[in-house]
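User: I have a structure open and would like to learn how to read a few of its features. Could you walk me through them?

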Amino acid sequence: MNWHLFVTELVTGITHGCVYALIALGYSMVYGILKLLNFAHGDVYMVGSYIGYGWITVFGGSFAMHANVVLLLVLMFTSAMLGGGLLGVVIERFAYRRLRNAPRIAPLITALGVAFFLENAAQLIVGAQQQQYNPYGWLTTPIAVKGWFLPSHVLVSYAHAIIIVGTIVLMVALTWFVQRTQTGKAMRATSYDREAAAMMGIDVDRVIVVTFFIGSALAGAAGVFNGIEYSQVFPLMGFQAGLFAFTAAVVGGIGNLPGSVAGGLLIGLAESFATGYVSSTFQQAVVFVILIAVMLARPSGLFGRAAVQKV
Amino acid sequence: MSEDTPQRPDERQVPKVGVDSWVATHAQRVEGTRLQAELARIPRPAFYAGFAVFAALLPAFTSSGYIVRVGFDTLLYMLLALGLNIVVGYAGLLDLGYVAFYGFGAYAYAMLASPKFGLHWDTLAVIPVVVIASAILGFLVALPSRRLLGDYLAIVTLFFGQLFVVVMQNGESVSFLGLTKHYDLTGGPNGIVDIDNWNLGGLHVGSVQGYYYCALITFMLALTAMYLVDTSRTGRAWKSLREDPLAAELMGMPVNRLKLIAFACGAAIAGLTGTLFAALNTTVFAINFDVSTSLIIVYAVLLLGGAGSIGGVILGAIVVNVSLEVLRDPNHSTWLFYILIVGVLVAKIRPWRVLAGILVATVAIGYALRGICAAAWPRGMQGEPVVGGALGSWVNGWVIHPATPQTIANVCFVLLVVAVLGLTLLHGWQRLVALPPTLYLAAFVWNNRLAVEPSVTRLILVGVILIVLMNARPQGLLGTARVEIA
């Protein structure tokens, strides 16, 4: 057994899994409340990534950075989360709100339209080519290459550490928010039964806005995480990430937040082991097989409860 | 007995049994003009026959191969939308892997009729094979997700569509579980080239005109079939499935089987369309069938015309494909863009004096800004206008063209999106006041940025069409409005 390969793929898998988990949370939260598949969510992640990239450009571009690393990261994360969150709120307000009581297919098509619009608008504004996200020059080596070595010479870079720690922090914060605050309670009530919640005096519109803001802010953060690890951004990056993250949400049981995180890690690990042991071209096939297998065995996801349809 | 039954004072025309009273009264309330009523009396087949005659005469009117080619592409979109109409319009299942079946048909034709494997089958033999194989593939894809909610089906099919492209793109060395030697099945990124023309039992189709007529005949046959299915037992069952799967199941309909049949039928039509595509282009590449672009355009065709409506498929394909072709050329697309804007304004703003005022104000802003620019920011006047033509030159007269417009026009594009979204929140005089600056911004962004990049602009507009359509008129141009009863 090749330990080096195994541990390397394990580290990459966990890191990717964290990114997928953050995106999956947004899918899951929105689905839980609106029963809407928000196809545009992956593109919010892309926009978040580009907002972070904006700061790299402001501080001199990838190859001639002159900024404090900590300051830069703080700026990148706060602005990407705020920007992503606002974008999510705007999408909800202008594209989805009128369609809440429309036939199910209408908001889905709208979501596809929004995704398509965001992808192509990004191509218009920043160009279709990949951009270097690599913050060279902060520390003479980029944080994706510098780090600690585990036994058997596996690198855990600063980027990996930032992603894993950052994801844990965000998840603790989210759990606290959903479980302990008044608004979190309102969110849980709304996802349980929107009409009953409205009758109990919960401002459902506000809850939905908050949900979109938080979910999209997490996606924005995931965009920056992905950027500092992969060192590149491009306008179509949201499509596949969104697809995988949605699969993660389905595998974990959509609407179930811990399930989404577990699903994200599972998909991340599956993807990275498939790349390491089979071939990078078949990662999609492996994820697809997992999706089909879970849907056949447990249609409500690994952690989801079977939904009882009431008439 | 009946004569002495007292007339109830509140008795009105009660809808027939089986029609929900709310739906019926809704239909009465939205009853259209006299013209619409007269049009509704003409039987549908007359419209289809009229379309067929007109379409058949098109190559006679023009000698341009380009126009016939655009007509062929439009017919392909009609066929694709007709197949998608079964799945989405009738059965109400969201199939996001639909173009994969189209690609499957094209690849299957390419493999059976090209030097790739040395097979040169007669087209009359290939078509049944491809159609049946596509139907089986559709059946298999729908199989694991048949019991799931519509949304899960969407994601499984989306994945399938993605996977199809990946497999075709990497199929240049396939071995069965690593046991056999590596075979080149799909040509990988190089695709399959040199595909045979259609060969109908000795009759070779060689020209664009020939393919145009083949596509037209195929489409009319498929359309006839769909017209018959529309009111058939299965067609009605599909529609009830769309309206309420649970109620349909309680009425004893085999819901799972209906879903599978819908999927297989849609896939079969897509596969058939694929053979036409492969034969005319003589090449197939995996990238032709990528999920984002082709799929979204087929959906735009179907939804613009109206899901569930056969006539809508024809209208939608013509509007969408012809617009996309027109958008390739900056001068033509400029006409389209401004006509669209003025058209929306004419439809939405009454009386016409206000409309005229808004247009004059927009142009006035333009001249004022040009004056300011000439005095204070000379760089703002040094750009070369991109759009030409009669309308283009007139607009160039009052729009600023900065020297290097890219960055500033990008910023203005974002501002324009924000401004248009903001307009939807304003009402009354506030909206009227905000309109001229927004219109000017639109003209500025169009002339400096959007017209420069037609390939991206086309796709942006497709996205916008989908969003606006679903919010403003979800039933499309020719569809019937559905009333959601909660």
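This is a predicted model: local features need pLDDT of at least 70, side-chain atom pairs count only at pLDDT 80 or more; totals for chains, interfaces and linings use all residues.

User: Let's start with domains. Into which domains is chain B divided?

Analyst: Chain B splits into domain 1, covering 44-326, and domain 2, covering 332-452. Taken over C-alpha atoms, the centres of domain 1 and domain 2 of chain B are separated by 40 Å.

User: Which residues have the most contacts inside the largest nonpolar core?

Analyst: The general idea is that buried nonpolar residues are joined into a core when their C-beta atoms lie within 7 Å. Here the largest nonpolar core has 235 residues, and those with the most contacts inside it include Leu22(A), Ile23(A), Ala81(B) and Val298(B). Helix H11 (residues 255-281) of chain B gives the most to this core, 17 residues. Both domain 1 and domain 2 of chain B supply at least three residues each. To see one member at work, select Ala81(B): among the residues it touches are Val298(B), Leu302(B) and Ala317(B).

User: Is Asp194(B), with its positive phi, buried or exposed?

Analyst: Asp194(B) counts as exposed because 10 other C-beta atoms lie within 10 Å, and the cut-off for exposed is 12 or fewer. Its phi is about 65°, and Asp194(B) sits in the loop between helix H7 (150-169) and strand S3 (199-200) of chain B. Lys35(A), with 16 such atoms, is partly exposed.

Terms used: Residues are numbered from 1 along each chain as its sequence is written. Chains are lettered from A and ligands numbered from 1 in the order in which they are written. Domain bounds come from an automatic or database domain assignment. A residue is buried if 20 or more other C-beta atoms lie within 10 Å of its own, exposed if 12 or fewer, and partly exposed in between; C-beta atoms are placed from the backbone. Helices (H or I, at least four residues) and strands (E, at least two) are DSSP runs, numbered from the N terminus. Two residues are in contact if their C-beta atoms, placed from the backbone, lie within 7 Å. Lists of a residue's contacts leave out its neighbours within four places in sequence.
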